[in-house]
Amino acid sequence: MKWLVTGANGKLGRAVVETLLKTVPADRLAVSVRDPAKAEDLRAKGVEVRQGDFDRPDSLDQAFAGVERILIISTDGDTETRIRQHTNAVDAAARAGVRFIAYTSLANAGASRLFLAPPHQAAETAIFQTGIPYSILRNNWYLENELATVQAVRQGAPWVTSAGNGRVGWALRREYAEAAANVLSGSGHDNTIYELSGELLTQDEFAAAVGEALGREVPVQHVDDETYANIMRQAGVPDAAIPFVVGIQQGIREGNLEVRSSDFAKLLGRPPTPVREGLKELLGIG
């Protein structure tokens with residue numbers, strides 16, 4: 001029987017597979033990717049590379065055949081597309097007779113009002129309805145998501161935000177990947193929901209952590225959403241992406257990422273890396 005990871009050409013999926021390969025024989029692993037040519041490095045390591053397209057259910061039937069445990073990594077795109085793709089993947093897993101489904105979801109997905117929540121809510125509901133044992137991995141926010149802004153701060157820009165006093169549980173992508181790998185390869189995770197949040201920080205606290213990593217004080221500029229949008233536009237953010245970045249700020253301000261949980265440490269076997277240390281790692285600061 002195989003364990004399979006979808007989306008293995010993406011950053012999270014690739015990190016999960018690389019983590020699994022540290023402890024799991026390569027011939028036990030399979031990946032489902034849209035473009036197998038981009039996963040030749042995994043094939044060279046002994047991982048079975050299968051072609052699977054979340055928009056083509058027939059391809060998923062072949063990709064998921066003979067799979068015992070699967071990690072479905074959420075896709076990118078607009079809400080309608082993601083709902084369709086997630087539902088297709090869950091339905092295909094059920095048809096394939098998969099015995100365990102892990103899924104990378106969003107913080108507090110069941111009750112979240114964040115605009116990103118509906119595709120995750122649809123996926124979770126579809127998984128619950130299959131009756132297959134599951135583990136829902138509700139990831140908070142990747143520290144890497146802030147890297148471009150942190151780099152701008154490194155060049156002298158202030159930390160600009162319209163998120164008010166909302167808190168976020170930032171953590172490194174590699175640790176979200178490690179938690180997912182531990183669930184896929186471990187036992188005792190049937191019918192679980194894990195809220196994977198790092199230490200909850202406000203924007204001011206995050207900026208202070210950035211300052212500690214850089215060795216200097218970082219000024220914080222609190223603005224309204226309209227001003228934030230204009231500043232992001234002037235910084236080069238494409239117009240099409242402005243509603244997204246503003247929506248994230250709104251969601252943080254409303255408390256949608258403020259989830260207190262010790263689940264991350266439970267799955268990692270240690271506390272997640274503090275934000276200051278994570279920033280140093282991403283910035284290459286010794």
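Reader: Which residues touch the most other members in the largest nonpolar core?

Author: V16 and L71 do, in a core of 36 residues. Bear in mind that this is a predicted model.

Reader: ok, and which elements give two or more residues to this core?

Author: On the strand side, β1 (2-6), β2 (29-33), β4 (67-73), β5 (100-106) and β10 (192-196). The helices are α1 (11-20), α7 (173-185) and α11 (263-268).

Reader: Which one gives the most?

Author: That's α7, with 7 residues.

Reader: Back to V16, what is it in contact with, leaving aside neighbours within four places in sequence?

Author: V16 is in contact with V5, L71, A177, A180 and A181.

Reader: And what's in the second, separate core?

Author: That one has 30 residues, among them L116, W159, V210 and V275.

Reader: Switching topic: where does S197 lie?

Author: S197 is in the loop that runs between β10 and α8 (203-214).

Reader: Buried or exposed?

Author: S197 counts as buried, because its relative accessibility is 4% and the cut-off for buried is under 20%.

Notes. Residues numbered from 1 in each chain as written. Predicted model: local features only at pLDDT ≥ 70, side-chain atom pairs only at ≥ 80, totals over all residues. Heavy atoms only, no water. Core = buried A, V, L, I, M, F, W, Y, C linked by side-chain atoms within 4.5 Å. Buried < 20%, exposed > 50% of the residue type's maximum accessible area, 1.4 Å probe, protein only. Helix = DSSP H or I, 4+ residues; strand = E, 2+ residues; numbered from the N terminus. Contact = heavy atoms within 4.5 Å.
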